Amino acid sequence: MEHNLESSDMEHVLIIEDDVRLAELTRDYLEANGFQVTVEAEGSRGVEQIQALQPDLVILDLMLPGEDGLSICRRARPDYSGPILMLTARTDDMDQVLGLEMGADDYVPKPVQPRVLLARMRALLRRADNTEQGGDIRLSFGNLDIDSATREAWLEGDRIDLTSAEFDLLWLLASNAGRVLTREEIFSDLRGIKYDGQDRSIDVRVSRIRPKIGDDPNHPHRIKTVRSKGYLFVKDA
């Protein structure tokens, strides 16, 4: 395990990766781009490190010795609200869907292109900071309240358990209530990339958000699917 104790003003990234060469190259690249980096090679220590360090962002490999990335993500999520970027060696859609369901915010396939990784990281960190820069904004829709300052939502006064990525999507849809957002618009805003026509990550997140906000998954009234277009957040559902 490698610790880099730099200025507290630097954004701290925790890399959980057992490929020593890849971890070192990634660490060196990120440090050259102004990040403080900690590397952990053992999956069995992943959850402990995330909870103890509370980094600004976690880069988490899917396949790890001791404990796999999916399990780490699932167990760490209750005590960590920051972005988790998952590395997937395989391009299997199921791996990506499972990662998102366990609480990952985004995923990058291996082999990792450093510039792509950095762009995805900055997009995640930028979204996490955007609401603070925008001031206190709260949206209310009947029994549903969403607060961008605290990045929290409540249903009938009870706090909703949302991952960082789920909150970002919910806020994007709610702040555009009454307007259909295409998948292209959603991908551009949330992930900074073009929609390839096949990626299911947004659909997975919507399906997870719906029951949390009291929406019927089979007959949604709050977040409606607009066929061949995208999603519509209904103002007065």
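**Ground rules.** I number residues from 1 along each chain as its sequence is written. In this predicted model, local features need pLDDT of at least 70, side-chain atom pairs count only at pLDDT 80 or more, totals for chains, interfaces and linings use all residues, and side-chain values use heavy atoms, with hydrogens and water left out.

**Helix 1.** I looked up its length. Helices are DSSP runs (H or I, at least four residues), numbered from the N terminus. Helix 1 has 13 residues, 20-32, and should span 18 Å at 1.5 Å a residue; its end C-alpha atoms are 18 Å apart, which agrees. The expected span is 1.5 Å times one less than the number of residues.

Next I checked burial (buried is under 20% relative accessible area, exposed over 50%, partly exposed in between, with a 1.4 Å probe and protein chains only). Leu 22, Ala 23, Thr 26, Arg 27 and Leu 30 are buried. They cover an arc of only 130 degrees around the axis, so they sit on the same side of helix 1. The arc uses directions from the helix axis to the C-beta atoms. On the other side, Arg 21 and Ala 32 are exposed.

Then I checked what flanks the helix. Just after helix 1, Gly 34 takes a positive phi of about 90 degrees.

**Cavity.** I searched the whole structure and found 1 cavity of 30 Å³ or more. A cavity is a set of points on a 1 Å grid over the protein atoms alone, where a 1.4 Å probe fits but cannot get out. Lining residues have an atom within 4 Å of a point. Among those lining the largest cavity are Leu 22 and Thr 26.

How values were computed
Helix = DSSP H or I, 4+ residues; strand = E, 2+ residues; numbered from the N terminus. 1 Å grid on protein atoms, 1.4 Å probe; cavity = no way out; pocket = protein on both sides within 12 Å on 5 of 7 lines; lining within 4 Å. Points joined across faces, edges and corners; volume = space filled by probe spheres on them.
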